Amino acid sequence: MAHETLVPLGARGTLEGMVSTDVENRLPWDLYLTVIRTEVDRMLEAAADLDAAVPNCPGWTVRDLLEHVALVFRHKVESIRSASEPPWPVDDRDTSDVRRLLAEESATLLAELQQRGPRQVRYTWNPSDQSNGFWFRRMALEGTVHRVDAEQAAGTQVTPIEDEVALDGIDEFLTIIVGGPWWDGGDETPYPVDAVVRIRSGGRAWTLDLSARQVVVVQGDEGEADLTIEGSPHDLYLWLWGRGTASALALDGRKELLDELAGRFAESGD
């Protein structure tokens, strides 16, 4: 389920009123910029061997990984500048030196976000949030996950994700990437997971009511759950994105649901 496609003009009417009101659950905007900068630096530091395979991105090398992140950053810059849907993939960049490309494109993205700020109305692929603030958050978390990819490819110890960043990533993954309107009118998933699943981490909880055609996500832990999954923010976030194992998590309830649930999450994050 790819989310690179932006919401087309007119699909939800005008853009007025399309800025998310859920900003109280976000991190400070300046922190997102710091995360982008820090994670790109870590990614470049880990990318000593560009031909190394990326374990959780089958068929990718570190060279492919750096090029992907750089071109995603460029795509978002062009989207913000044009208030339209740029073509994907971006094909007008010199990718012969991917380290330089990532450094340049991350600097351009940071400058663009800082100049325009989070409140400016712009296209995103999330119909409930048509603002630059969406890209502050999404690009910070994009960089975080792919930095982990680079460290895993290098065979080095993965740098722990700060709790507040990982918790924000868990919230984004569950409420937007999994719980968004992506199933409406579509084919049924091969991972229906007809169950109520509760996820807990860092003093927060999310309750997911899943069926073949929808995922309803509510923050909180009220009511019964078929399966409860609990772990540290770092471990849980990496597991959600397929970068960590369930062995680091505590399970209570119908543990046989775990593999199917992981398949559903992988389908959402594709």
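Asp30 counts as exposed because its relative accessibility is 58%, where exposed means over 50% relative accessible area, buried under 20%, and partly exposed in between (1.4 Å probe, protein chains only). Asp30 sits in helix α1, which covers residues 29-46. In sequence, Asp30 and Phe136 are 106 residues apart, yet their C-alpha atoms lie 8.9 Å from each other in space.

The model is predicted, with local features needing pLDDT of at least 70, side-chain atom pairs counting only at pLDDT 80 or more, and totals for chains, interfaces and linings using all residues. Residues are numbered from 1 along each chain as its sequence is written, and side-chain values use heavy atoms, leaving out hydrogens and water.

Stepping back to the whole chain, seven helices and five strands are found; helices (H or I, at least four residues) and strands (E, at least two) are DSSP runs, numbered from the N terminus. Starting at the N terminus, their order is α-α-α-α-α-β-β-β-β-α-β-α. Contact here means heavy atoms within 4.5 Å. Among contacts between residues at least 6 apart in sequence, 68% join residues at least 24 apart.

Turning to the interior, 49% of the 270 residues count as buried. Neighbours within four places in sequence aside, the residues in contact with Ile229 include Val197, Ile199, Trp239, Leu251 and Leu261.
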